Amino acid sequence: NNDAINELKEKAKHMSEEEINSSIPSFIRKGETAEKGLAYKEAQKEYEMALYLASGFDYKEEVGRISFMIFELDKKIKELELEYALKVGEKAEKKKDYIKAINYYQQGLKILNDTQDLNGNETRLKKLKKKIVNLQKNL
């Protein structure tokens, strides 16, 4: 990801306004295509490249729009990471692998704490903390 941005930084020094104006929508389209294909990290890279050009050339409206796209994508990624941590934690709990379950539930807690804007976080946080305390009793 950083390699692509660094490459773009070098390229941008020699780009005309016309090239910039066509590159930003191109990166956004590639990002949207990647996002539709559930390739979220690739989408994030494309959006960040569009954002780099837009902010470097002071396209305020584009910066706001692209920043929002990145923010929304980041929420999707965090939600998937949370789902994964909780599923693996539940499977470990069913197998009575309490240490593994606790570790994954703690990952889930960290994700929930990092993403305060997800709906219903307070309830989810309390349930997860309670689950961890109950599992610790089995150790």
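**Ground rules.** I number residues from 1 along each chain as its sequence is written, and my side-chain values use heavy atoms, with hydrogens and water left out. Since the model is predicted, local features need pLDDT of at least 70 and side-chain atom pairs count only at pLDDT 80 or more, while totals for chains, interfaces and linings use all residues.

**Entry 1, aromatic rings.** I looked for aromatic pairs (rings of Phe, Tyr and Trp, the last by its six-membered ring, with centres within 6.5 Å) and found that the structure holds one. Tyr84 and Tyr104 form this pair, with 6.2 Å from centre to centre and 75° between the planes, and it is edge-to-face (planes over 60 degrees apart; under 30 would be stacked and the rest tilted). The pair links distant parts of the chain, for Tyr84 is in helix H4 (residues 60-94) and Tyr104 in helix H5 (residues 98-114), 20 residues apart. I take helices as DSSP runs of H or I with at least four residues, numbered from the N terminus. Tyr104 has a relative accessible area of 19% and is buried (under 20%; exposed is over 50% and partly exposed in between, with a 1.4 Å probe and protein chains only).

Is Gln44 buried or exposed? Gln44, which I found in helix H3 (residues 40-56), counts as buried at 13% relative accessibility. Leaving aside neighbours within four places in sequence, Gln44 is in contact with Leu73, Asp74 and Ile77, where contact means heavy atoms within 4.5 Å. Tyr40 also lies in H3 and counts as buried at 14%; with residues up to four places away not counted, Tyr40 touches Glu35, Leu73, Lys76, Ile77 and Leu80.

I placed Asn2 in helix H1 (residues 2-12), and with a relative accessible area of 60% Asn2 is exposed. Asn2 and Ile66 are 64 residues apart in sequence, and their C-alpha atoms are 18 Å apart in space.

How do I describe two packed helices? I use the angle between their axes and the distance between the axes. H5 and helix H6 (residues 121-136) pack at about 160°, with axes 10 Å apart; the axes are lines fitted to C-alpha atoms over the stretch in contact, and angles run from 0 to 180 degrees between N-to-C directions. The two helices are therefore roughly antiparallel (over 145 degrees; under 35 is roughly parallel, 65 to 115 roughly perpendicular and the rest oblique).
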